[in-house]
Amino acid sequence: MSVKSRQKKTSESAHKAMELGPLETNVGYFMRKSVLAAQSSFLKESGVKLLTGQYSVMEIIAQNPGRTQSAIAWAAGLDRSSLVPILNQFEKNNLITREPVERDKRAYAVSLTEKGQSELAVLREQVVKMEQKFIDGLGARNHQQLINLLKKFQDIL
């Protein structure tokens, strides 16, 4: 058997259907796999590797300039300790500015820089393409239903 045949056989056997037991009916399992697949597909399609939540955080900042890190973390569904490294990287890359809030010197108001706005515009184009892929695969009605179900799921938690 050639090396190529062995590699193909090994690859095929590694990806044969596996028993998932209780995972078959576990929402969290399928949500996690979906998020990973979306991130991988986005990278493959766009060549852009996003940090977890990077686009969402940038979009939230763009839509709400001058809001505090705490407010941004809440809107993004992140805890502050997860948001800070993202913001630190954004600041290092000159994508955001952080200014102390007048009434609370411990809080910082965050806004996108011109460079951040430009990078966000590029990301938006890629996200729109990706979202259209979802709509094409699911259909517009199912796409909206999925969004509504995910919102409801969040409300339950």
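Leaving aside its neighbours within four places in sequence, which residues is Gln126 in contact with? Point 5 takes this up.

1. **The model.** This is a predicted model; local features need pLDDT of at least 70, side-chain atom pairs count only at pLDDT 80 or more, and totals for chains, interfaces and linings use all residues. Residues are numbered from 1 along each chain as its sequence is written, and side-chain values use heavy atoms, with hydrogens and water left out.

2. **Confidence.** pLDDT is the predictor's confidence in each residue, from 0 to 100. The protein chain has a mean pLDDT of 88. A value of 70 or more is reached by 89% of its residues. Among the elements, helix 1 (residues 3–14) has the lowest mean, 53. Strand 1 (residues 67–68) has the highest, 96.

3. **Elements.** The protein chain holds 7 helices and 3 strands. Both kinds are DSSP runs, numbered from the N terminus: helices are H or I with at least four residues, strands are E with at least two. From the N terminus the order is α-α-α-β-α-α-β-β-α-α.

4. The 3 strands form an open sheet in the order 1-3-2, with antiparallel pairing. Strand 1 and strand 2 are the edge strands, and each pairs on one side only. Two strands pair if DSSP finds at least two bridges between them. Strand 1 and strand 3 pair over 2 bridges. Look at Arg67: its bridge partner in strand 3 is Val110.

5. Gln126 lies in helix 6. Its contacts, leaving aside neighbours within four places in sequence, are Phe42, Glu45 and Ser46. Contact means heavy atoms within 4.5 Å. Gln126 is buried, with a relative accessible area of 16%. The cut-offs are these: buried is under 20% relative accessible area, exposed over 50%, partly exposed in between (1.4 Å probe, protein chains only). Val122 is also found in helix 6. Val122 counts as partly exposed, at 45% relative accessibility. Val122 and Val48 are 74 residues apart in sequence, but 9.9 Å apart in space, C-alpha to C-alpha.

6. **Helix 3.** Its buried residues are Gln54, Val57, Met58, Glu59, Ile60 and Ile61. The cover over them includes helix 4, helix 5, strand 2, strand 3 (104–112) and helix 6. Across the protein chain of 157 residues, 21% count as buried.

7. **The largest pocket.** Its volume is about 2100 Å³. A pocket is found on a 1 Å grid over the protein atoms alone: it is an open set of points where a 1.4 Å probe fits, with protein on both sides within 12 Å along at least five of seven lines, and lining residues have an atom within 4 Å of a point. Of the 41 lining residues, Val35, Ser56, Glu131, Leu150 and Gln154 are the closest to the centre. Helix 2 (27–46) gives the most to the lining, with 11 residues. By class, the lining has 27 nonpolar, 10 polar and 4 charged residues. Here Ala, Val, Leu, Ile, Met, Phe, Trp, Tyr, Cys and Pro count as nonpolar, Asp, Glu, Lys and Arg as charged, and the others, Gly among them, as polar.

8. **A residue to check.** Asn94 is not a glycine, yet has a positive phi of about 60°. Asn94 sits in the loop between helix 5 (80–92) and strand 2 (96–101). Asn94 is partly exposed, with a relative accessible area of 44%.

Technical notes
Points joined across faces, edges and corners; volume = space filled by probe spheres on them.
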